[in-house]
Structures are given as C-alpha cells and as structure tokens.
Amino acid sequence: MSQLYAVPQFPEGVIFQQDGAPPHYGNTVREFLDTTFPQRWIGRGAIMAWSPRSPDITPLDFYLWGYVKQHVYSELINDINHLKQRITDVIHSVTPDVLTRVCEELDYRLDVCRATNGAHIELL
C-alpha cells in the first residue's frame, strides 16, 4: 500500500516516520524504507530511532483512530458490511474545520517536543 499509493504522493525529501510495531520491522519493509528514504526514515532499526515511549504526535495516533472507534462503535454492529459502512460514514464526517484544529494540535505537540528536547512527555 505504501509503495503503490502513499509514497508516490510524498514531496521530495520527506522524512518517513514508522512506529515500532512488529509488522513494520520486517526485513522487506526495512529494505523498502532504506531504498525509498535513504537516511530519511524514523523507526525501529533505522538511523533515526523511534523512541519507545514517544508521545503520539501524529494526527492518526492522537485523533483519528480514537474518533473513528468511538463513533463506529456508538451503535451495535450487525455484520461486516454494516461495519464497513459505519467506518466510511465516520471518516466522511471529519470536516475541514476539524482537520484544521487537528493540525493546530499537531503544531502544539511538535512545539512541546522541541521545547523538551524530545524528552518523555507524560500527557500532552
């Protein structure tokens, strides 16, 4: 998915951030990242290590997954098609205004990380 859809849309010189999840640590994945983002990826086994207790600084971590889970499961799911439809509906409910606020929160989180020199932060 990354190779076919995400990476072709990245701007030149982007630094790719990868967490330490076991599926993201496979040899094939790391070889792909080394080739695609030489010296420019953050993660387990990379030149730039991912801190094991780093704060959730990406919008997917601190916002989207929780939002989707909360709203998808706010009603009883009947079957897989219903689940897929709920996920689609919830994703479509994210407005541009919400995304603007999420980006502002990201700026704040990055400022805190810079101010603390990347130290462990209990709560943001």
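Reply: Phe10, Phe16 and Phe37 are linked into a cluster by ring pairs. The model is predicted, so local features need pLDDT of at least 70 and side-chain atom pairs count only at pLDDT 80 or more, while totals for chains, interfaces and linings use all residues. Residues are numbered from 1 along each chain as its sequence is written, and side-chain values use heavy atoms, with hydrogens and water left out.

Me: Why is the pair of Phe10 and Phe37 called tilted?

Reply: Rings of Phe, Tyr and Trp (its six-membered ring) pair if their centres lie within 6.5 Å, and planes under 30 degrees apart count as stacked, over 60 as edge-to-face and the rest as tilted. The centres of Phe10 and Phe37 are 6.1 Å apart and their planes stand at 40°, therefore the pair is tilted. Phe10 lies in the loop between helix H1 (2-6) and strand S1 (16-17), and Phe37, 27 residues apart from it, in the loop between helix H2 (27-36) and strand S2 (41-42); here helices (H or I, at least four residues) and strands (E, at least two) are DSSP runs, numbered from the N terminus.

Me: What makes Phe37 count as buried, and how is Phe10 classed?

Reply: Buried means under 20% relative accessible area, exposed over 50%, and partly exposed in between (1.4 Å probe, protein chains only). Phe37 has 3% relative accessibility and therefore counts as buried, as does Phe16 with 15%, whereas Phe10, with 29%, is partly exposed.

Me: What makes a set of residues such as Phe62, Leu64 and Val98 part of a nonpolar core?

Reply: A nonpolar core is a set of buried Ala, Val, Leu, Ile, Met, Phe, Trp, Tyr and Cys residues joined through side-chain atoms within 4.5 Å. The largest one has 11 residues, including Phe62, Leu64 and Val98. Helix H3 (59-72), helix H4 (80-92) and helix H5 (96-115) each give two or more residues to this core, and its largest share, six residues, comes from H3. Apart from it lies another core of six residues, among them Val7, Leu33, Trp41 and Ala46.
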